[in-house]
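This report describes the fold of one protein chain for a reader who is new to structures. Please keep the sequence and the 3D view open while reading.

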Amino acid sequence: MAQSISRTKELAGVTALVSVTENVNEFEKIIGLSQRYPGFLMPCFGIHPIQNDADGFRSVTLLDLEPAVPVFEKYKDKLVAIGEIGLDFTPWLASTLQQREEQQKVFQMQLSIAQSFDLPVNVHSRSAGRQAVSFLKEHGVQKVLLHNFAGRPSAALEGAQAGYFFSFPPAVTRNNQREKIIRQIPLENICLETDSPALGPNKEERNIPENIRLSCQYIADVKGLSPETVCEVTSKNALRLFPKIHDYLNG
C-alpha cells in the first residue's frame, strides 16, 4: 500500500484520492486509511447495490443498509461523499421486480443521507444508466458522479445537462465502448478515476491508482486535447464536486 501511494504521488502527480466502500465492514477500514494517509486519502461511505457473502454475489437489501446508518452519522464530518451507491439491474443479479425495487429503496435512503449531510454521491449504474439518471433527477439530487458510466449517450447527455459528472477508469483503453459518450459530453462534466483494484487496462491484472494517467490520455485522445488540459480541467471538476477535499488538503 505505502509503495503504491508513493508511486501514485510521484509518477501520476495525484494530490488526493477519494476511496469508496461497498459494505459496512469496510467503513472503519477506510477511516483507518484516511488517518494513515492524512491529507491524501479521502473517505467515502456507501452500501453498493451488489453485496458479496458466503453464498456469492447478490442484490442489496435493506438489511445490508441498516447497520450502516449509525456509522454514517458517526463519521459524517470526515466524509467527502456518499458512495459507492446506485443501481445494478444486471439480469443474473437482479432478475425480479422485488429485487430492483429494494435496490431503489436502498439507493433512495442513501441519497437522503447524502442530502442531509450536504455531500455528493458516487453512483454505480450498471445495466441501469437511464434509470439511475432519472432516479437522481426525480429525487432532486444535484451533486453527482456517475462512475464508469456505460449507459446510452443520450442518458449521459441528460445527466450532463442536469449538472452531473462522469468518470472513466483505465479500462476504457481496452475498447472504444465509451468513446461516443466521452466525445459528446463536455469536458467540464468529466472526472478521472481508477476504480482500483478493478477496471484496469488489463482485465486479468490488479489495477493500481497511478494508472489514472491512462484515463487522462485516453480522454485527451478522444477529444483531441492535450493530456495537460484534461488533467487541469478534470482536477478543477473534482474539486467542484468534492469541495471538502479543500479542507483535507489545507488541514
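Two strands are said to pair if DSSP finds at least two bridges between them, and the helices (H or I, at least four residues) and strands (E, at least two) are themselves DSSP runs, numbered from the N terminus. What is shown is a predicted model, in which local features need pLDDT of at least 70 and side-chain atom pairs count only at pLDDT 80 or more, while totals for chains, interfaces and linings use all residues. Residues are numbered from 1 along each chain as its sequence is written, and side-chain values use heavy atoms, with hydrogens and water left out.

## The sheet and its helices

An open sheet of seven strands, with parallel pairing, runs in the order E1-E2-E5-E6-E7-E8-E9. Its edges are formed by strand E1 (17-19) and by E9, each of which pairs on one side only. On average, and with direction ignored, neighbouring strands of this sheet are turned by 30° against each other; here axes are lines fitted to C-alpha atoms, for helices over the stretch in contact, and angles run from 0 to 180 degrees between N-to-C directions. As background, strands of a sheet pair through backbone hydrogen bonds, either parallel or antiparallel.

At one end of that order, strand E8 (residues 165-168) and E9 pair in the parallel sense over three bridges, and Phe166 has Ile190 in E9 as its bridge partner. Helix H10 (residues 227-241) packs on the sheet, where it touches strand E7 (144-147), E8 and E9, and its direction makes about 100° with that of E9; contact means heavy atoms within 4.5 Å. H5, in turn, lies across E5 and E6 and runs at about 160° to E5.

## The nonpolar interior

A nonpolar core is a set of buried Ala, Val, Leu, Ile, Met, Phe, Trp, Tyr and Cys residues joined through side-chain atoms within 4.5 Å, where buried means under 20% relative accessible area, exposed over 50% and partly exposed in between (1.4 Å probe, protein chains only). In the largest such core, which has 53 residues, Phe72, Ile82, Val121, Leu136 and Leu146 touch the most other members. H5 gives the largest share of this core, six residues. A second, separate core of 10 residues includes Cys44, Leu145, Phe165 and Phe242. In soluble globular proteins, nonpolar side chains tend to be buried together.

A search of the whole structure finds six aromatic pairs, where rings of Phe, Tyr and Trp (its six-membered ring) pair if their centres lie within 6.5 Å, and planes under 30 degrees apart count as stacked, over 60 as edge-to-face and the rest as tilted. The rings of Phe27 and Phe45 have centres 4.1 Å apart and planes at 15°, so this pair is stacked. The pair links distant parts of the chain, since Phe27 is in helix H2 (residues 27-36) and Phe45 in strand E2 (residues 41-45), 18 residues apart.

## Backbone details

Glu84 is found in strand E5 (residues 81-88), whereas Pro197 has its place in the loop between strand E9 (190-192) and helix H9 (212-223). Asp118 sits in the loop between helix H5 (97-117) and strand E6 (121-126) and is exposed, with a relative accessible area of 54%. Ser127 lies in the loop between E6 and helix H6 (129-138) and is partly exposed, at 46% relative accessible area.

## Two loop residues

Asn207 lies in the loop between E9 and H9 and counts as buried, at 2% relative accessibility. Its side chain makes a polar contact of 2.9 Å with the side chain of Asn211; a polar contact is a pair of N or O atoms within 3.5 Å, and within protein one must be able to donate a hydrogen and the other to accept it, while residues adjacent in sequence count only if both atoms are side-chain atoms. Beyond its neighbours within four places in sequence, Asn207 is in contact with residues including Pro170, Thr194, Ser196 and Pro197.

Gln177 lies in the loop between E8 and helix H8 (179-184), and a polar contact of 2.9 Å joins its side chain to that of Arg178.
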